[in-house]
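Hi,

Here is the structure I said I would pass on. Have a look at it first, and then read my notes below.

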Amino acid sequence: MAKKITLLGSTGSIGTQSLDVARMHGYEIFGLAANSSVEKLLAQIGEFHPRVVAVADPDAYDRLEAALAGAADAPRLLKGAEGIRTLAAMDGADVVLNAVVGIAGLAASLAAIESGHDLALANKESLVTGGHLVTDAVRRKGVHLLPVDSEHSAIFQCLQDAHSAKRLTKILLTASGGPFFGMKREELAGKKKEDALKHPNWNMGAKITIDSATLMNKGLELIEAVWLFGLPEDRVQIVVQRESVIHSAVQFADNSVIAQLGVPDMRIPIQYALTWPDRLPSPAPELDFAALKHLSFDVADEETFRCLAACKKAIRKGGLAPCAANGANEEAVRLFLQDKIGFLDIGRLVEGVVDSEAFGGDYTLQDVWDCDAMARAYVRAHL
């Protein structure tokens with residue numbers, strides 16, 4: 001039988017590539033969720049005929065409802081953040097793929113897990129802001145947490161030998177280095193959003209592309225890797241791999257290193273999360289070793305790119321420190337995209353909020369929301 005999928009964040013970059021995989025393999029789309037892209041949603045509804053559709057933005061919900069009025073096969077519509085949480089928890093899907101951008105995805109991740117669904121996770125902020133809430137829920141409900149980020153999928157794939165996985169000693173988390181690799185602070189001072197949005201290898205949404213330029217994305221992925229694979233921060237090494245062909249690697253007790261390679265195409269890790277533990281033909285092209293002449297490696301410059309340094313501080317502090325870093329970054333990136341702050345201000349503000357408190361101890365979901373609000377307020381107060 002065809003696998004049934006609920007896809008949250010269906011109109012974004014990960015969402016549309018997930019639908020490429022579903023299209024190729026004939027997967028049934030039980031539910032779709034998006035923020036505000038009504039035209040894209042209408043096209044997806046027309047092709048995949050989901051039973052339920054959730055729209056976060058109220059105005060977009062009203063436009064979608066009007067467009068579907070009178071349609072005989074119109075899906076059930078849900079509104080707002082609560083609607084997305086309701087969809088994530090609904091019976092009917094074999095797996096929920098969460099590709100929502102930002103902390104907005106946390107509640108939906110928890111709803112899917114608590115309802116007993118396997119979760120294919122592309123929303124890294126779920127683990128960054130609520131790591132112990134998510135991992136505790138996964139253990140308690142006995143579901144699978146399947147990473148979709150290319151780096152974490154690579155690590156996951158390298159650890160499929162359960163016996164060897166017990167001897168894991170280091171994670172080599174790769175980074176493209178973004179569009180500003182090799183530049184120093186004085187060169188970065190005048191960079192604008194148009195410069196930061198020119199990623200050398202990946203086609204992604206605006207927020208994650210800015211995060212790649214600041215190396216915040218790699219800091220968030222480091223935090224995510226700590227939660228996913230159980231190694232401390234000092235056992236996760238960031239390695240710049242400019243070609244984005246080696247997606248990450250693992251090192252074992254005997255110092256053997258196993259890596260996962262492939263073209264820089266997100267449909268490979270998306271599909272593996274949906275087909276695990278099986279492998280099927282992919283819509284992504286194969287890696288052409290005859291044309292692959294060069295693979296380069298370097299170190300990440302956290303002295304220049306302070307977002308990465310801030311994330312390392314945050315995971316060492318523990319508790320809500322990663323949540324604070326993430327909230328400050330989301331607010332700072334929003335302001336940068338509006339040309340209200342400079343590129344280097346993003347790192348300054350993220351590091352500032354991490355240094356502002358201790359943040360240790362256990363926390364609840366409400367504590368996460370409160371910390372996120374505090375971090376955003378910190379940014380606005382320290383422009």
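Helix α13 has eight of its nine residues buried, so the rest of the structure largely encloses it. "Buried" here is under 20% relative accessible area, exposed is over 50%, and partly exposed is in between, with a 1.4 Å probe and protein chains only. Helices are DSSP runs of H or I with at least four residues, strands are runs of E with at least two, and both are numbered from the N terminus. The buried residues of α13 are Arg-267, Pro-269, Ile-270, Gln-271, Tyr-272, Ala-273, Leu-274 and Thr-275. They pack against β1 (4-8), α1 (13-25), β5 (95-98), β6, β7 and α7.

Before going on, a word on where this comes from. It is a predicted model, so local features need pLDDT of at least 70 and side-chain atom pairs count only at pLDDT 80 or more, while totals for chains, interfaces and linings use all residues. Residues are numbered from 1 along each chain as its sequence is written, and side-chain values use heavy atoms, with hydrogens and water left out.

Ala-273 has a relative accessible area of 5%, so it is buried. Leaving aside residues up to four places away in sequence, Ala-273 touches Ala-120, Leu-146, Pro-147 and Val-148; a contact means heavy atoms within 4.5 Å. Val-148 is 125 residues from Ala-273 in sequence, yet their C-alpha atoms are 6.1 Å apart in space.

The peptide bond from Trp-276 to Pro-277 is cis, with omega near 5°. Pro-277 is in the loop between α13 and β12 (298-299).

Now for α7, residues 150-158. How many of the nine residues of this helix are buried? Nine of the nine are, so α7 is largely enclosed by the rest of the structure. Among those buried residues are Glu-151, His-152, Phe-156 and Cys-158. Their cover includes β7 (145-147), β8 (168-175), α12 (216-229), β10 (246-252), β11 (257-261) and α13 (267-275).

Next, His-117. You'll find His-117 in the loop between α5 (106-114) and β6 (118-121). Its relative accessibility is 5%, so His-117 counts as buried. What does the side chain of His-117 reach at 2.7 Å? It reaches the backbone oxygen of Met-90. Residues that His-117 touches, not counting those up to four places away in sequence, include Ala-88, Asp-91, Val-96 and Val-143.

Two residues have a positive phi without being glycine. One is His-49, with phi near 50°, in the loop between α2 (38-48) and β3 (52-55). The other is Ser-244, with a phi of about 55°, in the loop between β9 (236-240) and β10. Ser-244 has a relative accessible area of 5%, so it counts as buried.

Towards the end of the numbering, look at Glu-331 in helix α15. Is Glu-331 buried or exposed? At 4% relative accessibility, Glu-331 counts as buried. Leaving out residues up to four places away in sequence, Glu-331 touches Arg-376, Val-379 and Arg-380. Gly-342 lies in the loop between α15 (321-337) and α16 (343-355), and at 25% relative accessibility it counts as partly exposed. Gly-342 and Gln-366 are 24 residues apart in sequence and 32 Å apart in space, C-alpha to C-alpha.

Finally, the overall picture. The chain has 17 helices and 12 strands. Along its principal axes, the C-alpha trace spans about 60 × 50 × 40 Å. Of the 383 residues, 56% count as buried. Among contacts in the chain with a separation of 6 or more, 69% come from residues 24 or more positions apart.

Methods:
Polar contact = N/O pair within 3.5 Å; in protein donor to acceptor, adjacent residues only side chain to side chain.
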